[in-house]
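Thanks for coming, everyone. I have one structure to walk through today. Please look at the sequence and the fold first.

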Amino acid sequence: TKCFAMSRAERCSNEDVKIDFEVTEMPPRFTTPLFDLEILENSEAVFECTVTGSPTPQVQWFKENTCITTDGRSYLVAAEKGSHCLKIQNVGHSDSGTYRCKAVNSVGEAICKSSLVIEMNESEGAFYCCFFALWLECSIFSDFLLNSCNCEHVINY
């Protein structure tokens with residue numbers, strides 16, 4: 001339009017300049033990244049992220065270097081309009097580690113990483129700790145106490 005030919009001193013007051021363009025290709029990009037998780041044992045861990053790109057990126061999940069697929073028991077992978085989710089049900093200590101989401105299209109790839117730390121349920125941890133302490137205390141003093149064992153002082157929770 002005329003506006004492009006005018007000098008800086010001149011103004012385009014009554015004309016709107018529109019530039020329409022369409023992005024046909026764009027490499028993958030994480031608009032919402034993964035976050036590190038600390039989850040109690042036997043609960044559910046949920047990793048979520050959002051990816052854009054054109055053409056639409058294909059997304060894969062990995063634990064360390066192993067590709068994750070939906071297995072119906074532990075892992076559930078879901079996607080909807082650029083939002084991607086990995087759910088790990090009934091987590092245990094073996095689920096701890098680094099998780100990656102990899103998005104790939106014909107123009108490029110992007111990777112987002114996160115870590116999962118599994119914390120022992122406090123009530124279970126206290127039970128096992130106390131049980132072990134009681135067993136150890138009773139084992140040490142059983143020779144001296146003959147058939148009686150009083151370990152109440154070991155439990156300090």
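Contact, in this talk, means heavy atoms within 4.5 Å. Two housekeeping points. This is a predicted model, where local features need pLDDT of at least 70, side-chain atom pairs count only at pLDDT 80 or more, and totals for chains, interfaces and linings use all residues. Residues are numbered from 1 along each chain as its sequence is written, and side-chain values use heavy atoms, with hydrogens and water left out.

Start with Tyr-99. Setting aside neighbours within four places in sequence, Tyr-99 is in contact with residues including Leu-34, Phe-47, Phe-62, Lys-63, Tyr-75, Leu-86, Ile-88 and Leu-116.

Now the core. A nonpolar core is a set of buried Ala, Val, Leu, Ile, Met, Phe, Trp, Tyr and Cys residues joined through side-chain atoms within 4.5 Å. Buried means under 20% relative accessible area, exposed over 50%, and partly exposed in between, with a 1.4 Å probe and protein chains only. The largest such core has 21 residues. Those with the most contacts inside it are Phe-30, Phe-47, Trp-61, Leu-86, Ile-88, Tyr-99 and Leu-116. At least two residues of this core come from each of β2 (37-40), β3 (45-54), β7 (83-88), β8 (97-105) and β9 (108-119). Strands here are DSSP runs (E, at least two residues), numbered from the N terminus.

Next, Asp-95. It sits in the loop between β7 and β8. Which side chain of opposite charge is nearest to Asp-95? Lys-63, at 5.6 Å. Lys and Arg count as positive, Asp and Glu as negative; His and the chain ends are not counted. Asp-95 is buried yet has no salt bridge. That term needs a side-chain nitrogen of Lys or Arg within 4 Å of a carboxyl oxygen of Asp or Glu. A polar atom of the Asp-95 side chain does lie 2.8 Å from the backbone nitrogen of Gly-92. Not counting residues up to four places away in sequence, Asp-95 touches Lys-63, Tyr-75, Ile-88, Asn-90 and Leu-116.

On to Ser-43, in the loop between β2 and β3. Ser-43 is partly exposed, at 26% relative accessible area. Its side chain reaches the backbone oxygen of Leu-40 at 2.5 Å. Beyond four places in sequence, Ser-43 touches Ile-88, Gln-89, Asn-90 and Val-91.

Backbone geometry now. Most residues other than glycine have a negative phi, and most peptide bonds are trans. Here are some exceptions. The peptide bond from Ser-54 to Pro-55 is cis, with omega near 0°. Pro-55 is in the loop between β3 and β4 (58-63). Glu-64 has a positive phi, near 55°. Glu-64 lies in the loop between β4 and β5 (66-68) and is partly exposed, at 40%. Lys-81 also has a positive phi, near 50°. Its loop joins β6 (75-80) and β7, and Lys-81 is exposed, at 83%.

Last, the cysteines. Cys-67 is partly exposed, at 37%.

Notes:
Helices (H or I, at least four residues) and strands (E, at least two) are DSSP runs, numbered from the N terminus. A polar contact is a pair of N or O atoms within 3.5 Å; within protein, one must be able to donate a hydrogen and the other to accept it, and residues adjacent in sequence count only if both atoms are side-chain atoms.
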